[in-house]
Amino acid sequence: MPAHPQTHTSDGDTSGAVERASGGARRALITGITGQDGSFLAELLLEHGYEVAGVTRTLQAASAPERPTLGCSEHLRTRIELVHGDLLAPATLRTAIERVRPHEIYHLAGPSFIPASWDRPEETLRAIVGSAAAILETVRELDPSMRVFVSASGAIFGDAPECPQREDTPCHPTTPYAVAKLAAHRLVGLLRAHDGLHASSGIVFNHESERRPEHFVTRRITRAAAAISLGSQQELTLGDLDAVRDWSFAGDIVRGAWLMLQQERAEDYILASGISHTVADFARAAFACVGLEAERHLRVDPALVRPAESTPSVGDPAKARARLSWTPQVDFQQLVERMVQADLRELRKTLARL
């Protein structure tokens, strides 16, 4: 198997990292290929000349009569290989890795809607911790030279004692999802130290795009702004408008993940904007994109308001900026504008067909 390029790669010099590898195209395996992160990452890797394989649960080990759905990566169907894998069936993940023999593994898949973890805590833990353990164990046994990125979450900090949160900030998770993400994050560090694996955990804070599913609050807001501006909706009901988040563009986050695996030494990094915004800020920005005042169209449902968070969820990306030369290319306003414009285009097409 070709050796990894032993080079420190910056945002200003990413084009040469793949070419410096010997032995032809590099191979990458992505779990979560159907989601927003997986699709942006696949696009990035393809641009850099990788051969990309994606793990999908809907692709059966035996031939299936129907094509698997690729979600956000549907436009890449002819450019990527698909392999079967299920987070709740560790053996399938091992089989996928054995088949692809990737140089790099990006483990992005997992439950992402945090409230649902309260309903299925056992399944959440197995899906997040069990899948990460299976991948790391397989790499250790099959080929320790494979490089692994595991997606953690800013939610691991929970009721942290400081804001913004850094890589060494004490963690006090407050949901089953966060507990599972923290366990997977710690496991990466332990096996990296114990077995010498090139495994890195990316502590990613909230990141969005026009590919975000509609049940997430950011997409609900941008879609409502577009719909109200077109006259097909009257108001938007939300919960706590004062909730604080650190929002980034998903494409910037996965570029940070790629940079992490181009380093000579594996480490954990926070990937975030470092800037806080409230849900109300997001709504105002979205409605302003279509010339409307958010306050005229928002309704707060007390039943949707959750208890206030003691510590705002904001990440400090100083380490990633300094060591990876990672600089986000899409700011908050550009992100919101991008999402609203995408929803406008989609809704106009829908209304034209009616």
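# Notebook: a look through the predicted model

I began with contacts along the chain. Among contacts in the protein chain with a separation of 6 or more, 78% join residues 24 or more positions apart. I keep in mind that this is a predicted model.

**Overall build**

I looked up the secondary structure next. The protein chain holds 10 helices and 13 strands. Then I checked the dimensions. Along the principal axes, the C-alpha atoms fill a box of roughly 60 × 50 × 45 Å. I asked how the radius of gyration compares with that of a compact globule. For 354 residues the globule value would be near 20 Å, and the protein chain has 20 Å, so the two agree.

I turned to burial. Of the 354 residues, 54% count as buried. The accessible surface of the protein chain comes to about 15700 Å². Carbon and sulfur atoms own 51% of that surface.

I also looked at charges. The protein chain has 38 positive and 45 negative charges. Their mean positions lie 3 Å apart.

**Helix H3**

I picked H3, which spans residues 90-100. Which of its residues are buried? I noted Thr92, Leu93, Ala96, Ile97 and Val100.

What do the buried residues of H3 pack against? I listed four strands: S1 (27-31), S2 (51-56), S3 (81-84) and S4 (104-107). Helix H4 (121-142) is also a partner.

I followed the chain beyond the helix. I checked its backbone: Arg101 has a positive phi of about 50°, although it is not a glycine. Is Arg101 buried, partly exposed or exposed? Its relative accessibility is 35%, so Arg101 counts as partly exposed. The cut-offs are under 20% for buried and over 50% for exposed.

Ser325 lies in the loop between helix H9 (318-324) and helix H10 (332-353). With a relative accessible area of 29%, Ser325 is partly exposed.

**Pro328**

I stayed in the loop between H9 and H10, where Pro328 is also found. Pro328 has a relative accessible area of 23%, so it is partly exposed. What does Pro328 touch, not counting residues up to four places away in sequence? I wrote down Asp252, Arg255 and Arg321. I then took a distance to Gly251. The C-alpha atoms of Pro328 and Gly251 are separated by 8.9 Å. Along the chain these two are 77 residues apart.

**Arg348**

I moved on into H10, which holds Arg348. Arg348 has a relative accessible area of 47% and is therefore partly exposed. How far apart are the C-alpha atoms of Arg348 and Ala226? I read 9.2 Å, for residues 122 apart along the chain.

**A cis peptide bond**

I looked for the bond between Cys163 and Pro164. It is a cis peptide bond, with omega about 5°. Where does Pro164 lie? I placed Pro164 in the loop between strand S5 (147-153) and helix H5 (176-195).

**Met260**

My last stop was helix H7 (residues 250-261), where Met260 lies. Met260 counts as buried because its relative accessibility is 0%. I wanted its surroundings, leaving out residues up to four places away in sequence. Met260 touches Phe149, His198, Ser200, Ser201 and Gly202, among others. The list also includes Glu267, Tyr269, Leu271 and Leu324.

I checked one more distance. The C-alpha atoms of Met260 and Leu142 are separated by 22 Å. Along the chain, Met260 and Leu142 are 118 residues apart.

Conventions. Residues are numbered from 1 along each chain as its sequence is written. This is a predicted model: local features need pLDDT of at least 70, side-chain atom pairs count only at pLDDT 80 or more; totals for chains, interfaces and linings use all residues. Side-chain values use heavy atoms; hydrogens and water are left out. Helices (H or I, at least four residues) and strands (E, at least two) are DSSP runs, numbered from the N terminus. The radius of gyration is taken over C-alpha atoms; the globule rule is 2.2 Å times the number of residues to the power 0.38. Buried means under 20% relative accessible area, exposed over 50%, partly exposed in between (1.4 Å probe, protein chains only). Contact means heavy atoms within 4.5 Å. Accessible areas come from the Shrake-Rupley method with a 1.4 Å probe; for residues, only the protein chains shown count as cover. Lys and Arg count as positive and Asp and Glu as negative; His and the chain ends are not counted. The place of a charge is taken as NZ of Lys, CZ of Arg, CG of Asp or CD of Glu.
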